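Subject: Structure for your files

Hello,

Here is the structure you are taking over. My notes on what was found in it come after.

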Amino acid sequence: MIFYRSLRNPAGKPRSLATIRGLAILTLVAYPAGALMRVFLGDNLAVKATGLSLVLASVIGLALLAGTRLNRITGEQLTQLDEYERNLRASAMETAFQLFTALVLLGIVYVAIASDKGWWVPSGYDEWNGVFWGAFLYSLTLPTAVLAFRLRDEDEEPA
């Protein structure tokens, strides 16, 4: 578990719920799009640069999510949260775990089928490294994304 603690602003950075949702979507969509673009669209320098830009945008999205109040709820030590935040966190973590597990199982099924059918499977250090960092990014982002999409706009605290 990666814990987040801000001594200057323990409530987290005041970002709107819509902004947090947008950052979560950017983070979760840009990484696989950029990584797959680099794998499948050839050795063209422009394609590689675009793919790398998408991966970088995903990492920037994750960095911007890191200080938000929703990320504080999903990433803070339990003793630092009140009862309401603990309940939000437990629900978000449960759903995020289920989604992450489903994605991993789908990936394993794909690799099993692809290896028999001759489709693309990751090979070599660079491609497996990309898979690892994608899984790591998803494990960090999914709890906050689930919480952001579970909350209603009325639940948002005033900034």
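Helix H1 (residues 17-40) has 24 residues and spans 35 Å from its first C-alpha to its last, close to the 34 Å expected at 1.5 Å a residue. The expected span of a helix is 1.5 Å times one less than its number of residues. Helices here are DSSP runs of H or I with at least four residues, strands are runs of E with at least two, and both are numbered from the N terminus.

This is a predicted model, in which local features need pLDDT of at least 70 and side-chain atom pairs count only at pLDDT 80 or more, while totals for chains, interfaces and linings use all residues. Residues are numbered from 1 along each chain as its sequence is written, and side-chain values use heavy atoms, with hydrogens and water left out.

The buried residues of H1 are Leu-17, Ile-20, Arg-21, Leu-23, Ala-24, Thr-27, Leu-28, Ala-30, Tyr-31 and Gly-34. Buried means under 20% relative accessible area, exposed means over 50%, and partly exposed is in between (1.4 Å probe, protein chains only). Helix H2 (45-66), helix H3 (69-75) and H5 are among what covers these residues of H1. Just after H1, Gly-42 has a positive phi of about 90 degrees.

For the protein as a whole, there are 5 helices and 0 strands, and the order from the N terminus is α-α-α-α-α. Of the 159 residues, 31% are buried. Among contacts (heavy atoms within 4.5 Å) with a separation of 6 or more, 73% are between residues 24 or more positions apart.

Two helix pairs involving H5 follow. Axes are lines fitted to C-alpha atoms, for helices over the stretch in contact, and angles run from 0 to 180 degrees between N-to-C directions.

The axes of H4 (residues 83-117) and H5 (residues 124-150) come within 8 Å and cross at roughly 135 degrees, which means that H4 is oblique to H5. Under 35 degrees counts as roughly parallel, over 145 as roughly antiparallel, 65 to 115 as roughly perpendicular, and the rest as oblique. H4 passes H5 in a right-handed crossing; a crossing is right-handed if the near helix is turned clockwise from the far one by less than a right angle, and left-handed if anticlockwise. On the H4 side the contact includes Leu-88, Phe-100 and Leu-103, and on the H5 side it includes Tyr-138, Val-146 and Arg-150. By class, this contact of H4 with H5 has 13 nonpolar, 3 polar and 1 charged residues. Ala, Val, Leu, Ile, Met, Phe, Trp, Tyr, Cys and Pro count as nonpolar, Asp, Glu, Lys and Arg as charged, and the others, Gly among them, as polar.

The axes of H2 and H5 come within 11 Å and cross at roughly 45 degrees, so H2 is also oblique to H5. That crossing of H2 and H5 is left-handed. Ser-58, Leu-62 and Leu-65 of H2 meet Leu-137, Leu-140, Thr-141 and Thr-144 of H5, giving 4 nonpolar, 3 polar and no charged residues.

Two single residues are also listed. Leu-70, in helix H3, counts as buried because its relative accessibility is 0%. Leaving out residues up to four places away in sequence, Leu-70 touches Leu-17, Ile-20, Thr-144, Leu-147, Ala-148 and Leu-151. Glu-85 lies in H4 and counts as buried because its relative accessibility is 11%. Beyond its neighbours within four places in sequence, Glu-85 is in contact with Arg-72, Ile-73 and Gln-80.

Regards
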